[in-house]
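Morning, everyone. Let's walk through one model, starting at a helix and ending with charged pairs.

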Amino acid sequence: MNLLFSKIISGFALFCLVIIIALLYEGIDRILHARMQKRFGPPLLQPFYDVIKLLGKESIVPRRAVRAIFQASPWMSMALVLLIFLYIPIGSIPPILAGNGDIILILYLLAASAVMMVVGGFASGSPYANVGSQREMVLMMSYELPLALVALTLSWVMYKKGVPGTPFSLETFVTVPVWSTVGLLGGMGLFSLLLALLGVVPAEVGKVPMDVAEAKTEIVEGLLVEYSGRNLALFKLTFALRSLAMSALLVPLFFPFSLGKILGLHGASFVVVDFLWFWVKVLLVQIVAITIVRTMYGRFKIWQASQFYWFQMGGLALAGMILVTLDVVLF
């Protein structure tokens, strides 16, 4: 009973922490995006102001909406994303639900969160939201291929190399970095898998160039067009949390290296340094995978986005899988 109570308290504290960090990183993203375009940009705390303002406004439900589903979708979508952080190790701190989750579960939670957004769009009764929801579904079916190839290949490598622990557990990747299990050929394959996963991030988080489901200049915010007030604030939080979750997922898979070990630290200082170092790595991943990409490229059309994930990113992930497999089998 005490263990369950401590996990509930820890989970609540973690939820509060990741919401603050997600909005803070959203502010950093906006500033860097603006500076890259030679603009000054909004204040660092602007995402906090936006969410607080929306929370104080009324949530309007359209007459043609399916009220219960329309109202529940933002809550369910945000809750599913928050659950992801219970399964991600933060530095040297094991996940709160250690041993009860794995990569596949995290991918399911990400997909379920996106599905709830789609359901909310359909339930709104708006033709614009209907188009946005359809686009989101097409996009999901496209990027799941490279995402699945990356997850399965990495777990297969850990299994074949006999690394202690569950092959699908993120704790296993933190204990033994996957880069140390392969040779030069496998390293090239892992780099291809890393690029493929980085390519998936913009679509998972709904950022340019893969924001085809919102497309403000085409379908007026798409699946979010009928949302306002508290419901819209929850969706804004969901998008920020999805960005943080995807970046946090990449860190234990590809960048689990401990700064505390490098500095030779022990005890509490080791835990604190690794904890802070983890969030620094998450920020760097978010800048590379989201901020720089959305500054460099314009929005893709839906057929371009689908083709990009089925062929370019799918092919890159498949090439990485083949290279890693050859390295493991031959060497």
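Start with L326, which sits in helix α12, residues 302–330. Helices here are DSSP runs of H or I, at least four residues, numbered from the N terminus. Keep in mind that this is a predicted model: local features need pLDDT of at least 70, side-chain atom pairs count only at pLDDT 80 or more, and totals for chains, interfaces and linings use all residues. Residues are numbered from 1 along each chain as its sequence is written, and side-chain values use heavy atoms, with hydrogens and water left out.

Back to L326. This residue is partly exposed, at 37% relative accessible area. Buried means under 20%, exposed over 50%, partly exposed in between, with a 1.4 Å probe and protein chains only.

Now the charged pairs. A salt bridge is a side-chain nitrogen of Lys or Arg within 4 Å of a carboxyl oxygen of Asp or Glu. How many salt bridges does that rule give? The count is five.

One of them joins K207 and E26, at 3.1 Å, N to O. K207 is in the loop between α7 (184–205) and α8 (216–219), and E26 is in helix α1 (residues 2–36), so the pair ties together parts 181 residues apart in sequence. Both residues, K207 and E26, are buried.

Next, E204 and R242. Their closest N and O atoms are 2.6 Å apart. E204 lies in helix α7 and R242 in helix α9, so this pair ties together parts 38 residues apart in sequence. E204 is buried, at 2% relative accessible area. R242 is buried too, at 0%.

Methods
Helix = DSSP H or I, 4+ residues; strand = E, 2+ residues; numbered from the N terminus.
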